[in-house]
Amino acid sequence: MSEEQKSGIKLERGKNAARNVLFGGAYRVYAMLMPFIMRTVLLYQLGVDFLGLDSLFTSVLQVLNLAELGVGSAMVYSMYRPIVDNDRESLCALLKLYRNIYYGIGLVILIAGLAISPLIPTLVKGTVPAGMSLYTLYYLNLAGTVLSYWLFAYKGCLFDAHQRLDVVHKLHMVMDTLKYAVAILLVCVWHSYYYYLIARLASELLFNAVRYWYAGKYYPDIRPKGVLDPARRKTILARVRDLFTAKLGGVVMNSADALVISGFLGLHELAVYQNYYFIVSALRACLEVILSSSLAGIGNSLLTESKEKNYWDFRRLTFLFCWLTGLACCMLMALYQPFMCLWTGEELLLPMSVVISLVIYLYVVEVNRIVNIYKDAAGIWHEDRFRPLTAAIVNLLLNIITIRYIGIFGVIFSTVIAFAAVELPWLIRNLFRLIFPRAYLGHYVRQLLKYTLVVTVVCAATYGVCAVVQLGLIPTLIVRALISLILPNLLFLAVYRRTEELQGCLDMADRLTHGKLKLLRRLKS
């Protein structure tokens, strides 16, 4: 490939990533606000137990979706090289394979879902809300999941592979507005959870159909046709199997907490926990914009750049993400309890120990995701396939043991231990064994420990300052929000101002803004 061609690829990669971050950021703000409104409506119109019911079936469906694990990531990864080479024939054949696999996945989910249906009542301790049938709710969710695979979903990979998530984000905003408007109307007028669920499932099918139409409009010459050569097909299917093993652990990790809480404590306790977890997941969704928008670009960079250049980008991304995650942790510590008191009321508050464990969880999980995004972009799933499953088993066993003695705190802390002691060290080792020069491993670990220590100190200092502010609920939230937004950034800037990583991030921001922001030039000087 000529230097001119590489330059063109780099330019488009940066342009697409910036565009994806812009529209992705707007969508994530929207995607936090609308589910928050919907959850609030359910809480005050139907009651807290319905929130637990909703969370339970979300986790059950994550388990049912095990059949899909690995397919999406493997297919998108397989499309990177044909897109770089402008190989339309291979893209069409890959899309056909993807479609056929999705048809099979839908059938597997249907059979597995029907097979496990007798176990559904064991997932809830105590009673369910009056008038609700667990089986009816389960079969509705199962039907929606199966139909989403059989109708139109497969073409969504084209936007991911071409780094055009901005199109999907804009489409989501339009379709989700319709979904939530109808759902809120049904809940407020008829007070029916069944109507709400049917409206939600129907809107998801409609989204898939509209996305399918847009994919045909944007990529009219990429249609499911042709056949891959047997060797390439075998390689892709082997990659799917490896990804299934790897991502199985991720699903168990994400679903286990909710299922264990529901099974051992009940729907009410699950709903209270999910209220807190909703805030963490909303922050994670915002942080995910940066990584998900850069995934295709990172994959492209790993194909076209040197190991040293990719390691420098990795260092810079780790620094930036630790800064942003640290800021989010500081704001959580300062605002969590007063916000929950305002939103759900004092009767639905959890102890401060749970808040601290959720803050630690957020930091550990996000640091793990920084490393994981490079693993996914490089496609090293075979060597990494047992790591997530091992961590998930550790998490599940610790969940079952600790929930009997320390309740919800034990469930969260078990997840933290699984990520910090199993997931992250194993993942870093794989990354520096297969992608980056091994000589840099010690340097990266030292930098990561330094960032963690700085975040811990800054978080404690911010919380100490904010704890003094006791002005009444809303004034306290406002003042603490300002303090937790400004103080951590000033402290981070004081610590990192002369580091290479900060200068690298400022250089990148300066290029993206074409040197128009005077503040960036002042910070660099």
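Me: Why is Leu427 called buried?
Reply: In this predicted model, Leu427 has a relative accessible area of 0%. Buried means under 20% relative accessible area, exposed means over 50%, and partly exposed lies in between (1.4 Å probe, protein chains only). The value of 0% is under that limit, so Leu427 is buried.

Me: Where is Leu427 placed, and which residues does Leu427 touch?
Reply: Leu427 lies in helix H13 (residues 387–434). Helices (H or I, at least four residues) and strands (E, at least two) are DSSP runs, numbered from the N terminus. Apart from residues up to four places away in sequence, Leu427 touches Asn368, Val371, Asn372, Lys375, Asp384 and Arg387; contact means heavy atoms within 4.5 Å. Leu427 and Val371 are 56 residues apart in sequence, while their C-alpha atoms are 7.0 Å apart in space.

Me: Why does Leu137 count as buried?
Reply: Leu137 has 0% relative accessibility and therefore counts as buried. Its place is in helix H5 (residues 134–150). Beyond four places in sequence, Leu137 touches Leu53, Phe57, Met132, Tyr193, Tyr194 and Leu197.

Me: Why does Lys179 count as buried?
Reply: The relative accessibility of Lys179 is 13%, so Lys179 counts as buried. Lys179 is in helix H7 (residues 165–190). Its contacts outside four places in sequence are Arg200 and Ser203.

Me: What makes Leu46 count as buried, and what does Leu46 touch?
Reply: Leu46 counts as buried because its relative accessibility is 17%. The residue sits in the loop between helix H1 (3–45) and helix H2 (48–64). Leaving out residues up to four places away, Leu46 touches Val41, Val187, His191, Ser192 and Tyr193. Leu46 and Pro129 are 83 residues apart in sequence and 9.5 Å apart from C-alpha to C-alpha.

Me: Why does His191 count as partly exposed?
Reply: His191 has 43% relative accessibility and so counts as partly exposed. This residue is in the loop between H7 and helix H8 (193–218).

Me: What is the phi of His191, and what is the phi of Asn86?
Reply: His191 has a positive phi of about 55° although it is not a glycine. Asn86, also no glycine, has a positive phi of about 55° and is found in the loop between helix H3 (71–85) and helix H4 (88–116). Most residues other than glycine have a negative phi.

Me: How many residues has the largest nonpolar core?
Reply: The largest nonpolar core has 147 residues, and those with the most contacts inside it are Met38, Leu53, Phe314, Tyr336 and Leu431. Helix H12 (residues 352–378) gives the most to this core, with 16 residues. A nonpolar core is a set of buried Ala, Val, Leu, Ile, Met, Phe, Trp, Tyr and Cys residues joined through side-chain atoms within 4.5 Å.

Me: At what angle do the axes of H14 and H15 cross?
Reply: The axes of helix H14 (residues 441–467) and helix H15 (residues 473–496) cross at roughly 145° and come within 10 Å. By class, their contact has 14 nonpolar, two polar and two charged residues. Ala, Val, Leu, Ile, Met, Phe, Trp, Tyr, Cys and Pro count as nonpolar, Asp, Glu, Lys and Arg as charged, and the others, Gly among them, as polar. Axes are lines fitted to C-alpha atoms, for helices over the stretch in contact, and angles run from 0 to 180 degrees between N-to-C directions.

Me: Which elements have the lowest and the highest mean pLDDT?
Reply: Helix H17 (residues 518–524) has the lowest mean pLDDT (56) and H14 the highest (96); pLDDT is the predictor's confidence in each residue, from 0 to 100. For the protein, the mean is 85, and 89% of residues reach 70 or more.

Definitions and conventions
Residues numbered from 1 in each chain as written. Predicted model: local features only at pLDDT ≥ 70, side-chain atom pairs only at ≥ 80, totals over all residues. Heavy atoms only, no water.
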